[in-house]
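Q: Here is a fold to read together. Please show me how to go from definitions to cases.

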Amino acid sequence: GITHPSVTISGNTVTIDIGNILTMNKQYYLNLSSTALKDADDVFYKGITDNTTLNFTTIGNPKLLSSTPVDDATGFGGTTVSMTFDKAMVKGTGLVSIKDASNDSDIWSVGVTHPDVSINGATVTLNVGLLPVDKEFYVQIEATALKDVNDLFYGGISDKTTLNFFGKTTPIVVSSTPADNATGFSGNTVALTFD
């Protein structure tokens, strides 16, 4: 009720101390009975009975919005992996890794404070260099490696499916002139057609 010690009135300001009961990244609204508050002339405030007059959303942990390569991409031949979050990010402590999906070994792994990990606002870039061909990879990030500017941690990636991708494949000859095992070739050029 309004007479509870968590409600204080100082002049024309009413403060309600709600403590630490709110959950992160959730929407809330305030209701106030029409008989809860009145002014010095005994005129009651009309109250708040809907969920739109005073609503708010609590701050939440950062969320991964997009990446390059995208999840499940094929034929990735770049030298950097970038991830864009919903808020500005900073470095925490922990490892960031690119792993070989066939045997879970590290292909590239550094502490997040390493110079090969850079942050520009909401985008985190991993300078991984050229990755081996004919392999599937996945990204892992320790839970304390990345956080937003409010010290809320991203929570990391600990599975093989949140951000996985296939690297470039070895080129394959799909046809040739002359054809394999041809007889009687009399030309002066050989042509190879690749996939």
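A: Start with pairing: two strands pair if DSSP finds at least two bridges between them. Strands (E, at least two residues) are DSSP runs, numbered from the N terminus. This is a predicted model: local features need pLDDT of at least 70, side-chain atom pairs count only at pLDDT 80 or more, and totals for chains, interfaces and linings use all residues. Residues are numbered from 1 along each chain as its sequence is written, and side-chain values use heavy atoms, with hydrogens and water left out.

Q: In which sense do β1 and β2 pair?

A: Antiparallel, over 4 bridges, with β1 at residues 7-10 and β2 at residues 13-16. V7 faces I16 in β2 across the pair. The two strands form a hairpin with 2 residues between them. In the turn, G11 has a positive phi of about 65°.

Q: Is N164 buried or exposed?

A: Buried means under 20% relative accessible area, exposed over 50%, partly exposed in between (1.4 Å probe, protein chains only). N164 has 6%, so it counts as buried. N164 sits in strand β15, residues 164-167.

Q: Which residues does N164 contact, leaving aside neighbours within four places in sequence?

A: Contact means heavy atoms within 4.5 Å. On that basis N164 touches V70, D71, D72, A73, E136, F137 and Y138.
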